Amino acid sequence: MSDQGVLTYGDRRIPYLIEVDPDRSKRVAIHVEPDGRVIVEAPPEADRPSIHSAVVKRARWIATHVAAAEDRQRHMIAREYVSGEQVLYLGRRYVLKVNQSDAGSPRVRLKGNRLEVTRKDISREAVRAAVRAWYRVHARDFFDRRIGELSVSLPWVKERPPFRLLEMTKQWGSCSLKGEIILNPHLIKAPRPCVDYVLVHEMAHLKHHDHSPEFFALLGREIPEWRRIKGQLDDLVDVVTNE
């Protein structure tokens, strides 16, 4: 079962999340996520004092990497939404092409290796709003289709769960106690295996609404390489969420 703790280092208080990993036999593993979150993977038999002791031993390393993540986020350059910039969709890179036109309705479409935005107002905010709206529509449609397919293939899913989109700063998805899947629309920019990892992760919570050993065992049976895929998604987080 997941739990939380707090590391005090100098004048900083750094929260960390404890996740029980049934495949881990002895030592705990500590990860600092790209957004600065601290995840501690612990074997099932580890108790809170021993886990916290392991965290304290790596306090300087943790504080350094958390500070680096925070600094990296502060220095991300915002997109200008002009022709020539690259945009992501399902892991592929496309070149943004902005066309100014008074004729017809504003539109956004994929054409070859380009994402074309055509509208009268081509200010940064107008183009940004058009691209964001395009992403939400395509995220809704793609997630809807994959949830439907996974609802049939995942043996523990008895009925298709409802879902909705919600922009989140530190999560790709979540599952409510009532079984509603909540997904970050930015996820549509990530490669398909990353999307499926998040969907299966959240749908696994329909059976185990925690991060217990049983949860990770279930996730591992469906996606044996979930750690590698999660690492790939973590490496993309700054690019995927940058607007």
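## Burial and strand β4

A residue counts as buried when its relative accessible area is under 20%. By that criterion, five of the five residues of β4 are buried, so this strand is largely enclosed by the rest of the structure. The model discussed here is a predicted one.

## Overall features of the chain

The protein chain contains six helices and eleven strands. Its C-alpha atoms fill a box of roughly 65 × 50 × 25 Å along the principal axes. Of its 243 residues, 45% count as buried. Among contacts with a separation of 6 or more, 49% are made by residues 24 or more positions apart.

The accessible surface of the chain comes to about 13,300 Å², and carbon and sulfur atoms contribute 50% of that area.

Strand β1 (residues 3-9) pairs with strand β2 (residues 12-20) in the antiparallel sense, over seven bridges. The two strands form a hairpin with two residues between them, and Gly-10 in the turn has a positive phi of about 65°. Within this pairing, Val-6 has Pro-15 of β2 as its bridge partner.

Strand β2 is also joined to strand β4 (residues 38-42), here in a parallel arrangement with five bridges. Two of the residue pairs can be named: Tyr-16 is the bridge partner of Val-38, and Glu-19 is the bridge partner of Glu-41. Strand β3 (residues 29-32) runs antiparallel to β4 and is joined to it by four bridges. In that pairing, Val-32 stands opposite Val-38. The hairpin of β3 and β4 has five residues between the strands, and Gly-36 takes a positive phi near 100° there.

## The surroundings of Val-6

Val-6 is located in strand β1. Its relative accessibility is 34%, so the residue counts as partly exposed. Apart from neighbours within four places in sequence, Val-6 is in contact with Arg-13, Ile-14, Pro-15, Tyr-16 and His-52. One of these, Pro-15, is also its bridge partner in β2. Arg-27 lies 21 residues from Val-6 in sequence, with a C-alpha to C-alpha separation of 19 Å.

An open sheet of four strands has the order β5-β6-β8-β7, with mixed pairing. Its edge strands are β5 (86-89) and β7 (107-111), each of which pairs on one side only. From one strand to the next, the twist averages 35°.

Strand β5 and strand β6 (residues 92-100) pair in the antiparallel sense over four bridges. In this pairing, Val-87 stands opposite Tyr-94 in β6. Helix α3 lies across β5, β6, β7 and β8 (114-119), and runs at about 125° to β8.

## Two loop residues

Arg-58 lies in the loop between α1 (48-57) and α2 (59-74). With a relative accessible area of 35%, Arg-58 is partly exposed. Arg-58 and Ile-30 are 28 residues apart in sequence, while their C-alpha atoms are 8.6 Å apart in space.

Glu-159 is found in the loop between α3 (124-153) and β9 (163-165). Glu-159 has a relative accessible area of 65% and is exposed, since the exposed class begins over 50%. Gly-220 is 61 residues from Glu-159 along the chain, and the C-alpha atoms of the two residues are separated by 22 Å.

Key:
Residues are numbered from 1 along each chain as its sequence is written. This is a predicted model: local features need pLDDT of at least 70, side-chain atom pairs count only at pLDDT 80 or more; totals for chains, interfaces and linings use all residues. Side-chain values use heavy atoms; hydrogens and water are left out. Buried means under 20% relative accessible area, exposed over 50%, partly exposed in between (1.4 Å probe, protein chains only). Contact means heavy atoms within 4.5 Å. Accessible areas come from the Shrake-Rupley method with a 1.4 Å probe; for residues, only the protein chains shown count as cover. Two strands pair if DSSP finds at least two bridges between them. Axes are lines fitted to C-alpha atoms, for helices over the stretch in contact, and angles run from 0 to 180 degrees between N-to-C directions.
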